[in-house]
Amino acid sequence: MDFFCRVTENGLVPLDDNDWEVKKQLKLGSDVHVRVAMPRNIKFHRKFFALLNLTLDNLPEVLQNDLHIYNLESLLAAIKIDLGYFSTVNVTGRYVVKLRSISFAKMDEAAFEKFYDIAVTNILNNYLKGTDRNQLLQEVQSFIGY
């Protein structure tokens, strides 16, 4: 049973009526297992895809051709591979790359923030060499209208 709570000085408080109903099912004094995850912010997700769009729009043509990066999907795949965000699976004697998911269900806010930060570093080191980090981050903010 999952429900959303807000952290207050008095402890965790359910967010809405549905969450309160779920919490009521817990018996006072009972021991429960709790898994804490910080739900991901949709604005942060959009910020990441703004970063990818800006990278793709400014990717030097020679890199684009050498790496066969012509769309967001191939850029995201390349970044995941650069960061080791994949596994290999043996399928009928051949190794196949399986990219890990960055979906909301697979990554909470903290994990996504870490992924975002190392992705920015990777982009600056491998795709947009010579670009200033602060300048890139300001461009991302402008791109999404923050």
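This is a predicted model: local features need pLDDT of at least 70, side-chain atom pairs count only at pLDDT 80 or more; totals for chains, interfaces and linings use all residues.

H4 spans residues 72-82, and its axis lies 10 Å from that of H5, at an angle of about 100°. Angles of 65 to 115 degrees count as roughly perpendicular, and H4 and H5 are therefore roughly perpendicular to each other.

Two packed helices are described by the angle between their axes and the distance between the axes.

Helix H2, formed by residues 42-58, has an axis that comes within 11 Å of the H5 axis and crosses it at roughly 15°. This angle makes H2 roughly parallel to H5, since angles under 35 degrees fall in that category. The crossing of the two helices is left-handed. On the H2 side, the contact is made by Phe44, His45, Lys47, Phe48, Leu51 and Thr55. On the H5 side, the residues involved are Glu109, Phe112, Glu113, Phe115, Tyr116, Ala119, Val120 and Ile123. The contact of H2 with H5 contains nine nonpolar, two polar and three charged residues.

Helix H6 also packs against H5. The axes of H5 (residues 109-126) and H6 (residues 133-144) come within 11 Å and cross at roughly 120°. H5 and H6 are therefore oblique to each other, and H5 passes H6 in a right-handed crossing. From H5, the contact draws on Tyr116, Asp117, Val120, Thr121, Ile123 and Leu124. H6 contributes Arg133, Leu136, Leu137 and Val140. These residues divide into seven nonpolar, one polar and two charged.

Rolling a probe the size of a water molecule over the atoms shows where empty space is left. The largest pocket has a volume of about 890 Å³. It is lined by 24 residues, of which Phe3, Val34, Arg35, Val36 and Ala37 are the closest to its centre. Strand S1 (5-8) and strand S2 (11-14) are the elements that give two or more residues to this lining. By class, the lining of the largest pocket has 17 nonpolar, one polar and six charged residues.

Terms used. Residues are numbered from 1 along each chain as its sequence is written. Side-chain values use heavy atoms; hydrogens and water are left out. Axes are lines fitted to C-alpha atoms, for helices over the stretch in contact, and angles run from 0 to 180 degrees between N-to-C directions. Helices (H or I, at least four residues) and strands (E, at least two) are DSSP runs, numbered from the N terminus. Angles under 35 degrees count as roughly parallel, over 145 as roughly antiparallel, 65 to 115 as roughly perpendicular and the rest as oblique. A crossing is left-handed if the near helix is turned anticlockwise from the far one by less than a right angle, and right-handed if clockwise. Contact means heavy atoms within 4.5 Å. Ala, Val, Leu, Ile, Met, Phe, Trp, Tyr, Cys and Pro count as nonpolar, Asp, Glu, Lys and Arg as charged, and the others, Gly among them, as polar. On a 1 Å grid over the protein atoms alone, a cavity is a set of points where a 1.4 Å probe fits but cannot get out, and a pocket is an open set with protein on both sides within 12 Å along at least five of seven lines; lining residues have an atom within 4 Å of a point. Grid points are joined across faces, edges and corners, and a volume is the space filled by probe spheres set on the points.
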